[in-house]
Amino acid sequence: MTVSNGEHSADSSYTLSRVAPLEAVLFDVDGTLCDSDPLHHYAFREMLLEIGYNGGVPITDEFFIEHIAGKHNEDIASFLFPDDHERGVKFVDDKEAMFRRLAKEQLKPIDGLYKLRKWIEDRGLKRAAVTNAPRSNAELMISLLGLTDFFEAIIIGSECERAKPFPDPYLKALELLKVSKDHTIIFEDSVSGIKAGVAAGVPVIGLTTRNPPQLLKEASPSFLIQDYQDPKLWAALEELDKLSADVAA
């Protein structure tokens with residue numbers, strides 16, 4: 001789904017000029033490196049059906065987007081099992097194990113990911129993955145995508161003082177990479193993640209992988225793209241290259 005000019009002030013120019021020269025690129029994992037949300041949705045739906053959640057009615061896409069996608073597992077556990085948090089934590093842990101089994105067979109990269117990877121490597125930029133996913137999930141997905149050696153660090157929300165939508169995971173990434181928020185960009189696909197990046201003071205490019213564009217725009221990304229082949233992204237990166245060359249000259 002594309003976003004036309006004029007819909008939102010942040011979408012009108014598709015520019016990243018204020019971060020020149022670019023030093024680092026930070027990525028969320030689920031929905032940003034790979035289209036994993038359908039696997040998460042399937043695992044939640046099937047396991048909730050098994051226990052008769054919601055009277056045995058399967059959870060919908062809307063329910064998944066509003067209450068689960070991009071959120072931290074502790075919060076998901078509290079929402080699904082408000083009267084028994086311990087049971088909720090056990091449930092989401094079991095669900096993650098099911099997700100990992102599915103991911104080994106079905107995980108695919110977002111279109112254009114390896115083109116962007118080459119662009120980043122060719123320019124010697126620093127990079128990190130920043131996610132609310134459990135470390136075991138994040139490391140598995142990154143490995144399956146062949147990106148283990150690409151990332152210099154993997155920052156996990158639950159290992160920070162506060163997970164997304166708070167800025168702590170992104171602030172930790174900036175600290176670990178020793179880069180400035182003024183020369184870094186973030187790729188995210190959820191409202192929670194975009195809010196975290198914006199709160200950290202970093203421009204965020206939102207991917208409309210699964211979440212509705214109108215919903216993502218409410219979190220104030222710099223602009224939205226469909227995937228890493230989107231012409232808007234490459235126009236912005238080409239402009240950034242020119243500006244970075246001018247700064248270096």
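What is the volume of the largest pocket? In this predicted model, the largest pocket has a volume of about 220 Å³. Its lining comprises 15 residues, of which Glu66, Ala69, Lys71, Val191 and Ser192 are the closest to the pocket centre. Two elements, helix H2 (61-67) and helix H8 (191-199), each give two or more residues to this lining. The largest share comes from H8, with three residues. By class, the lining of the largest pocket is made up of five nonpolar, five polar and five charged residues.

An open sheet of six strands is present, with parallel pairing and the strand order S3-S2-S1-S4-S5-S6. The edges are formed by strand S3 (153-156) and strand S6 (223-225); each has a single partner strand, so one side of each is left without a neighbour in the sheet. On average, and with direction ignored, neighbouring strands of the sheet are turned by 25° against each other. At the S3 edge, strand S2 (residues 126-131) pairs with S3 in the parallel sense over four bridges. Within this part of the sheet, Thr131 stands opposite Ile156 in S3.

Helix H10 (residues 231-248) lies across S4, S5 and S6, and runs at about 125° to S6.

How values were computed
Residues numbered from 1 in each chain as written. Predicted model: local features only at pLDDT ≥ 70, side-chain atom pairs only at ≥ 80, totals over all residues. Heavy atoms only, no water. 1 Å grid on protein atoms, 1.4 Å probe; cavity = no way out; pocket = protein on both sides within 12 Å on 5 of 7 lines; lining within 4 Å. Points joined across faces, edges and corners; volume = space filled by probe spheres on them. Nonpolar A, V, L, I, M, F, W, Y, C, P; charged D, E, K, R; others polar. Pairing = 2+ DSSP bridges. Axes fitted to C-alpha atoms, helices over the stretch in contact; angles between N-to-C directions. Contact = heavy atoms within 4.5 Å.
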